[in-house]
Amino acid sequence: MDEKLFLADAMLGKLARWIRICGFDTCYADSTMSDTDILDKVEKSGRILITRDRELSMRSACSFLIRSDISDDQLLEFFRKYSPQPSKFFTRCTVCNGKLDPVKPPYDDLAVPESVAERGLEVYVCRNCHKIYWDGTHRKSIENKLRSLMEIIQNENH
Ligand SMILES: [Zn+2]
């Protein structure tokens, strides 16, 4: 199955970060991009435009219109169409969309926080911007939230 690629418009920055957490390859069109720039990029990159702008979505051959302005509901809308795969969670940088590589200790030249290094945790490093991620309470709460959203969708299908 071909991996789907996405381009989120400037109104959907939060959604873009969430679906990156889920491993979806997602570019973000910041507010400096005009509608024409966005449509041009969608066409050239083969990405699916995710937008809350009905008019913009109608001008694009390949778009997904988000209706809600509530973050969790936006994620639900997205998940109903594009099923999240838990095995892909935490494989992509939320800041820049780069792929993450796991690194076990010793961390070579990586600037791993002392509290993480002390516990000997495996970390995940962005290939692109070099941001470092690790397992922790924050990640657990993200996982719990995603799991509960996936449960809501499962229950809808019964
Ligand atoms: Zn990055």
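Residues are numbered from 1 along each chain as its sequence is written. Because the model is predicted, local features need pLDDT of at least 70 and side-chain atom pairs count only at pLDDT 80 or more, while totals for chains, interfaces and linings use all residues.

The chain contains six helices and seven strands, where helices (H or I, at least four residues) and strands (E, at least two) are DSSP runs numbered from the N terminus. Their order from the N terminus is β-α-β-α-β-α-β-α-β-α-β-β-α. Along the principal axes, the C-alpha atoms fill a box of roughly 50 × 40 × 30 Å. Of the 158 residues, 23% are buried; a residue is buried if 20 or more other C-beta atoms lie within 10 Å of its own, exposed if 12 or fewer, and partly exposed in between, with C-beta atoms placed from the backbone. Among contacts between residues at least 6 apart in sequence, 51% join residues at least 24 apart, a contact being a pair of residues whose C-beta atoms, placed from the backbone, lie within 7 Å.

Two domains are assigned, domain 1 (5-88) and domain 2 (100-156), with bounds that come from an automatic or database domain assignment. Eight residues from domain 1 and six residues from domain 2 form the contact. On the side of domain 1 that touches domain 2, helix α4 (residues 71-81) gives the most, with five residues. By class, this side of domain 1 has six nonpolar, no polar and two charged residues; Ala, Val, Leu, Ile, Met, Phe, Trp, Tyr, Cys and Pro count as nonpolar, Asp, Glu, Lys and Arg as charged, and the others, Gly among them, as polar. The C-alpha centres of the two domains are 24 Å apart.

The largest nonpolar core has 26 residues, and those with the most contacts inside it are Phe-6, Leu-7, Ala-8, Leu-15, Ile-19 and Ile-50. Such a core is a set of buried Ala, Val, Leu, Ile, Met, Phe, Trp, Tyr and Cys residues joined through C-beta atoms within 7 Å. At least two residues of this core come from each of β1 (5-8), α1 (13-21), α2, β3 (48-51), α4 and β6 (123-126), and α1 supplies the largest share, five residues. Both domain 1 and domain 2 give residues to this core, so it lies between them.

In α1, the buried residues are Leu-15, Ala-16, Trp-18, Ile-19, Arg-20 and Ile-21. The buried residues of α1 pack against β1, β2 (25-28), β3, α4 and α6. Gly-23, which follows α1, has a positive phi near 95°.

Strand β3 runs parallel to β1, to which three bridges join it, and also pairs in the parallel sense with β4 (residues 63-65) over three bridges; pairing requires that DSSP finds at least two bridges between two strands. Ile-50 of β3 is the bridge partner of Ala-8 and stands opposite Phe-64 in β4. Ile-48 and Ile-50 point one way from β3, Leu-49 and Thr-51 the other way, and all are buried.

Helix α6 (residues 137-156) reaches 29 Å from its first C-alpha to its last, close to the 28 Å expected, the expected span being 1.5 Å times one less than the number of residues. None of the 20 residues of α6 is buried.

Key: Contact = placed C-beta atoms within 7 Å.
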